[in-house]
Every structure is written in C-alpha cells, then in structure tokens.
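Work through the exercises below with the sequence and model at hand. Try each task before reading its solution.

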Amino acid sequence: MSIRRYTERARLMLFLGVAVALLSTLMSGMVIFIVHRLATESRTATVNGTATEIASLVPRGELRNPISEQVIPYVQVLDSKRRVIASTENLRGRPPIASFLPANTESERTEVICGKAIPTGECALVVAVQATDNGGSWTVYGAAPSVPFYVDPLLALLLVAGTVIIVGLIIFASYRIIVGYIEPVRLIRAELGHLRPTRLSERVPVPSRSHREAHDLATTVNRTLDQLQAMMERERQFTSDVSHDLRNPITAMRTEIEDGLLAPDEVDVVKLGTTLLADLDRLQAIVSDLLTLAKLDAGAPTTCQWVDLAELATAECARRSGKQIICEVTPGAVVKGDRVRLTRLVNNLVANAQRHARSKVIVRVSREGDDTGSDAGTAVLEVIDDGEGISPGDREAVFERFVRLEAGRRKDSGGTGLGLPIARQIAESHSGTLTIQDSDRGAHFVLRVPLRPADGDAES
C-alpha cells in the first residue's frame with residue numbers, strides 16, 4: 001500500500017477521532033450539567049428543609065446548643081442583633097457564615113458563599129430562614145458544601161472512561177469499514193478505470209462474503225462486464241457478418257462493371273442491369289434492416305390503428321411464389337398497432353420460413369380466449385416450415401441480432417441475419433410475444449398479440 005494511501009487513512013481516522021471526541025465531550029458536558037443541576041436542587045431542598053425545621057424550634061424554646069449535625073454539617077441561629085445564639089459544634093465561636101437575609105418570614109434565600117466562614121474554607125450552599133415570636137426575630141443559616149462541577153469523582157471517571165471507550169470503538173469500527181468496504185470499493189473503481197475495449201476480459205476483485213455489500217457490488221459489476229463482453233463480441237461478429245454481406249454484392253457489382261468497361265461492345269446491357277439490380281436489392285435489404293433496428297431502438301413514434309392479422313397473412317401468402325404456401329386464417333383477428341411494422345413482421349417470418357423450408361410453409365391465424373367477448377383474447381399467428389428446424393438450445397439465440405447459426409450461414413444466402421430480431425422487437429412493441437415452439441418437423445414460430453376488445457372501435 002502506498003504512503004499516500006496510508007496518509008489518507010490516517011487523516012480520516014484523525015478526523016473521525018476528533019469529531020467523535022468532541023461529540024462525546026459535548027454529551028458528557030450535558031450529562032454533568034443535568035446531574036449537577038439535579039444534585040444542587042436536591043441539596044438545596046435538604047438544607048432548606050433542615051433550616052426551616054430548626055427555625056420552627058426557636059419560638060417553642062426547644063432549640064438546643066450545640067445543634068446536631070445529623071442532616072447538614074453547618075447550622076447557625078442568630079438573634080435580631082446578629083449574635084450567634086446557637087450553632088453546630090464545628091461553628092462554635094465563629095462569626096455568622098452569611099450576611100444576607102430572606103425577604104420575609106414566608107420565604108427563604110439561597111446563595112453560594114466561598115470564604116473562611118466555613119471551617120474547611122470551601123464553597124458552601126447557604127440557606128437563610130427567619131423565625132419570629134412576640135416581636136422577636138431570629139435568622140437561621142443552614143449550609144452544606146456546594147456540589148462541585150463534576151458532581152462526583154466516580155461520575156467524572158465513568159464519563160471520561162466512557163468517552164475514551166466510545167472514541168476507540170468508533171475509530172476501530174470506522175477502520176474496519178474503510179478496510180472492509182471502502183477499500184474494496186476503491187479497488188473496484190480503480191479496476192473499472194483501467195478497463196478498455198481491448199481488455200473487457202478483465203474482472204474486478206471480489207471481496208469475501210464477510211463484506212456482503214462490497215461482495216455483491218463486485219459480483220454485480222462482473223456480471224455486467226460479462227454481459228458487456230458478450231454484447232461486444234456479438235457486435236464484432238455482427239459487424240463482420242454485415243461487412244461480409246455488404247462486400248459480396250459490392251464486389252460482384254464491381255466485377256460486372258469492370259468487365260463491361262473492358263469490353264463495352266460485348267456487354268449485354270439488360271443482363272448487366274438485371275445483375276446489378278439483384279445486388280442492389282441485397283444491399284438495400286441490409287440497409288433497410290439496419291435502419292429499422294435503429295428506429296426500434298430509438299422508440300420512434302408510430303401510427304396505431306386496428307389491423308386484421310388475417311388480412312396481412314393472406315396478402316403475404318398471395319404475393320409469395322416458389323415453395324408451396326398454405327394459408328389457414330380465421331377472420332377477425334384484429335389487433336391495435338402499426339400496420340407497416342406488423343406487415344414487416346409477417347413478411348420477415350414468412351420469408352425466413354420460405355428460405356429454410358424444403359417444400360412448403362404453413363401460415364395460420366387464429367384467436368384464443370375470446371369466446372366470451374372478454375378483453376383477454378389473443379390473436380395468434382403461426383408460421384411453420386418443413387425444414388431442418390431449430391434445436392431447443394438455439395431457439396433464443398436466433399432472436400439476437402448479433403447471432404447467426406452455422407446452419408443459417410450455410411443455407412440462408414438471401415437473408416440479412418436481422419429479420420427475426422426485428423420481428424421479435426416489433427412483437428414486443430405491440431405488447432406481444434414471438435417464440436419458437438416444438439413441432440414434428442421444421443421450425444414453428446408463434447406470434448401472440450392482444451386482440452381488440454369486443455366493444456372496440458375499428459377506426460379508433
């Protein structure tokens with residue numbers, strides 16, 4: 001670990017230690033203040049009660065000298081001429097311990113006095129109470145040592161020890177957090193900062209499971225990197241496939257034109273034009289698919305209307321030639337969507353099936369779950385061919401835009417490799433699904449899209 005990192009940790013620990021120490025000191029001060037106030041109030045009440053009790057003895061002639069020290073240590077009784085007529089033994093022969101008087105006989109007065117009036121020389125909490133009888137008046141002073149600011153040495157010791165322990169525990173816990181959580185996160189961040197498109201195979205370090213959050217973060221980051229790497233690899237493969245598909249027609253076109261330039265008198269313009277148009281159709285199909293994918297990814301707005309899948313399927317079957325196309329449709333499979341995109345979806349499915357079929361393709365449109373006229377009905381479009389079919393392990397892969405199966409590469413000379421991904425994305429944009437189901441022979445594509453409600457407006 002570098003010296004700089006050690007310094008950063010030390011600064012953080014110092015900052016935390018000082019902050020916690022200040023906070024603990026503040027809390028301890030508040031505790032001492034509250035306890036000191038409560039203790040002072042309690043002692044004042046005790047002194048006042050004792051002084052009042054002694055004041056009640058004076059008029060009855062029951063006052064004894066010296067006064068007992070059982071409750072409070074210091075008591076003096078002064079007559080109207082400020083002479084000490086009775087006191088506790090420890091104040092015998094001493095002058096009055098205070099000079100203040102209460103406002104009247106119905107009240108008392110409390111002050112803290114520091115000086116030599118108390119034998120120990122310490123500060124004392126003094127309460128003055130007056131007693132009267134037949135025109136005479138007496139002043140009773142009761143005193144007890146004042147409560148020190150720390151209240152009690154044991155309390156102060158406990159607070160200091162508690163502060164030290166709390167500061168130590170928080171610093172230790174903070175260190176554990178930094179080492180166990182922040183440090184792994186820092187390592188993850190540093191590793192991510194070093195990632196480059198050419199180094200996507202690298203992964204961030206995964207901490208032990210004892211650091212659960214950091215462990216889960218690293219695991220999630222690595223899983224995301226796995227997906228990113230797979231996506232980049234598929235994109236590279238896709239780029240390679242598209243480049244190959246674009247290069248072939250361009251090369252063929254270039255060859256035809258160069259041959260025509262070398263022997264212009266021998267060129268059959270009609271044949272050359274037909275050949276070039278076929279290659280241009282191939283290029284246009286690839287560019288069109290790429291443009292469609294870009295629009296779907298961008299969420300381009302569409303015009304929604306009620307569309308009958310049976311009509312689209314019938315029209316698609318009618319315009320197809322070559323292999324046998326069997327169309328089995330149930331009228332009224334009306335869904336809400338973009339007619340152009342739904343037409344493209346049907347076209348892609350039928351074209352894919354026709355390219356891979358051996359002799360025939362079945363296109364079937366039906367309705368499911370709408371017998372009662374509920375809103376839960378579904379329009380179903382099935383496209384079935386009698387080709388080699390698709391293995392269960394590859395049924396999801398064929399819908400990935402960057403994946404082409406080896407069988408498709410060998411056999412599908414006219415496809416762009418983007419038709420099925422486009423079809424699924426169109427289906428999902430219409431709240432539908434496009435899947436491959438089991439079949440006795442060939443591939444069985446099934447599209448499901450919500451039906452129009454029974455009371456829907458066909459033109460809405």
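**Exercise 1. The chain overall**

What percentage of the 460 residues in the protein chain is buried?

*Solution.* The model is predicted: local features need pLDDT of at least 70, side-chain atom pairs count only at pLDDT 80 or more, and totals for chains, interfaces and linings use all residues. Residues are numbered from 1 along each chain as its sequence is written, and side-chain values use heavy atoms, without hydrogens and water. Buried residues make up 36% of the chain (buried means under 20% relative accessible area, with a 1.4 Å probe and protein chains only). Next, take the secondary structure: eight helices and twelve strands (DSSP runs, H or I of at least four residues for helices, E of at least two for strands, numbered from the N terminus).

**Exercise 2. The antiparallel sheet**

Find the order of the strands in the open sheet with antiparallel pairing.

*Solution.* Start with the order: the five strands run S2-S1-S5-S4-S3 (two strands pair if DSSP finds at least two bridges between them). The edges are S2 (84-87) and S3 (108-113), each pairing on one side only. Neighbouring strands are turned by 20° on average, direction ignored. Now take one pair. S3 and S4 (residues 124-133) are antiparallel, with six bridges. Arg109 stands opposite Ala128 in S4.

**Exercise 3. The mixed sheet**

Why is one side of S7 and of S11 left without a neighbour in the sheet?

*Solution.* First, the order of this open five-stranded sheet is S7-S9-S10-S12-S11, with mixed pairing. S7 (324-329) and S11 (433-437) stand at the edges with a single partner strand each, so one side of each has no neighbour in the sheet. The twist averages 15° from one strand to the next. Then look inside the sheet: S9 (residues 360-368) and S10 (residues 378-385) run antiparallel, joined by eight bridges. Glu368 stands opposite Thr378 in S10.

**Exercise 4. The second largest pocket**

Which residues lie closest to the centre of the second largest pocket?

*Solution.* Begin with its space, about 290 Å³ (the space filled by probe spheres set on grid points, which are joined across faces, edges and corners). A pocket is an open set of points on a 1 Å grid over the protein atoms alone, where a 1.4 Å probe fits, with protein on both sides within 12 Å along at least five of seven lines; lining residues have an atom within 4 Å of a point. Of the 14 lining residues, Glu53, Ile54, Leu57, Ile67 and Ser68 are closest to the centre. Helix H1 (residues 3-60) gives the largest share of the lining, four residues.

Key
Axes are lines fitted to C-alpha atoms, for helices over the stretch in contact, and angles run from 0 to 180 degrees between N-to-C directions. Buried means under 20% relative accessible area, exposed over 50%, partly exposed in between (1.4 Å probe, protein chains only).
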